[in-house]
Amino acid sequence: MYKLIIFDLDGTLLDTIEDLANATNHALKQFNFPTHEVEAYRFFVGNGVNKLIERALPEAHKNPDAISMVKHEFLKYYFFHSEDCTKPYSGIPELLAKLQLNGYKLGVASNKMHDATSELVKRFFPEINFALVLGQRDGVPVKPSPDILNEIVTTAGVEKSETIFVGDTGVDAATALNADIEFIGVLWGFRPKAELEAAGGKNFVNKPDEIFMAVKQ
C-alpha cells in the first residue's frame with residue numbers, strides 16, 4: 001500500500017514554461033544572444049538551470065563563462081517574475097487536497113532552484129502540508145540522480161515500496177528507476193510520452209484524478 005506520493009514541480013504540478021522562457025529570453029537579450037519561442041523551452045528545461053541556459057545558448061557560446069553570465073541575469077529576473085504566468089494544472093489543487101485528506105504523505109522533488117521551488121509551492125499550495133519540498137541545491141546531484149528521492153523517503157519515514165514518484169519527463173522516469181521507486185508519468189506536461197517510455201516509464205495518466213485512483217490500488 002502506498003503511503004508517500006512525491007511530485008516533480010515544473011510540468012507536473014505547475015505550468016511554469018512561459019515564465020521560464022521569458023526569464024531565459026530576457027537574460028539572453030542582455031548579451032545580444034538570439035531568443036527562442038516558448039515551445040522550444042519544453043525541451044530545454046528538466047535538468048536544472050545550468051543545463052537550461054546551456055541549451056538556450058548558441059553553439060559557439062556553450063561555455064562556462066557564458067553560462068554563468070546568462071544564469072546571473074536569469075536568476076535576477078526570475079526572482080521577480082516567477083509567478084507572472086505560472087499556474088497549477090487543472091485538477092492539481094483538488095488532487096493534492098484529496099490525497100492529504102486520505103492520509104497520504106506528499107513531497108516535491110524538483111531540479112528548479114531550491115528557493116524558487118519552496119516559494120512556488122508555498123504560493124500555490126498553502127493548504128498542503130508537504131513532508132519535504134526539495135529543489136536544486138549546491139553539492140547535491142540533480143535528477144536523474146536518486147539522491148533527492150532518497151532524502152524525501154527517509155525524511156517521510158516510509159519504505160521505497162510504499163512510495164510513488166510522479167513526473168512529466170524522461171529525467172523523472174530515470175530518477176525513479178535509479179531510486180528503485182515506482183513511477184507515474186503525466187501526459188499534460190512538457191515532454192512527449194515516447195521520451196518517458198524510452199527512460200523506463202510504463203504507467204501514465206492523462207488527468208490528475210487518475211493519480212488518486214492509481215495509488216489507491
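How many residues apart in helix 2 are E54 and K51? E54 and K51 lie three residues apart in helix 2 (residues 49–56), a separation of about one helical turn.

## Basis of the model

This is a predicted model, in which local features need pLDDT of at least 70 and side-chain atom pairs count only at pLDDT 80 or more, while totals for chains, interfaces and linings use all residues. Residues are numbered from 1 along each chain as its sequence is written, and side-chain values use heavy atoms, with hydrogens and water left out.

An open sheet is formed by six strands in the order 5-4-1-6-7-8, with parallel pairing. Strand 5 (132–136) and strand 8 (204–205) each have a single partner strand, so one side of each is left without a neighbour in the sheet. Helices (H or I, at least four residues) and strands (E, at least two) are DSSP runs numbered from the N terminus; two strands pair if DSSP finds at least two bridges between them.

Strand 1 (residues 4–7) pairs in the parallel sense with strand 6 (residues 163–167) over four bridges, and with strand 4 (residues 105–113), also over four bridges. I5 stands opposite I164 in strand 6 and has L106 as its bridge partner in strand 4. For L4, the bridge partner in strand 6 is T163. In a regular strand the side chains alternate between the two faces of the sheet. In strand 1, L4 and I6 on one side and I5 and F7 on the other are all buried (buried: under 20% relative accessible area; exposed: over 50%; partly exposed: in between; 1.4 Å probe, protein chains only).

## Helix 4

Helix 4 (residues 92–101) has I92, L95, L96 and L99 buried. Viewed down the helix axis, these buried residues fall within an arc of 95°, so they line one face of helix 4; the arc is that of the directions from the helix axis to the C-beta atoms. The cover over them includes strand 1, strand 4 and helix 9 (209–216), where contact means heavy atoms within 4.5 Å. On the face turned away from the buried side, E94 and L101 are exposed. Just after helix 4, G103 takes a positive phi of about 90°.

## Salt bridges

The whole structure holds twelve salt bridges (a side-chain nitrogen of Lys or Arg within 4 Å of a carboxyl oxygen of Asp or Glu). E54 and K51 form one, with their closest N and O atoms 3.5 Å apart; E54 is partly exposed at 26% relative accessible area, and K51 is partly exposed at 31%.

E195 meets R191 in a salt bridge at 2.9 Å, N to O. E195 is partly exposed at 23%, whereas R191 counts as buried at 9%. D8, K143 and D172 are linked in a network of salt bridges.
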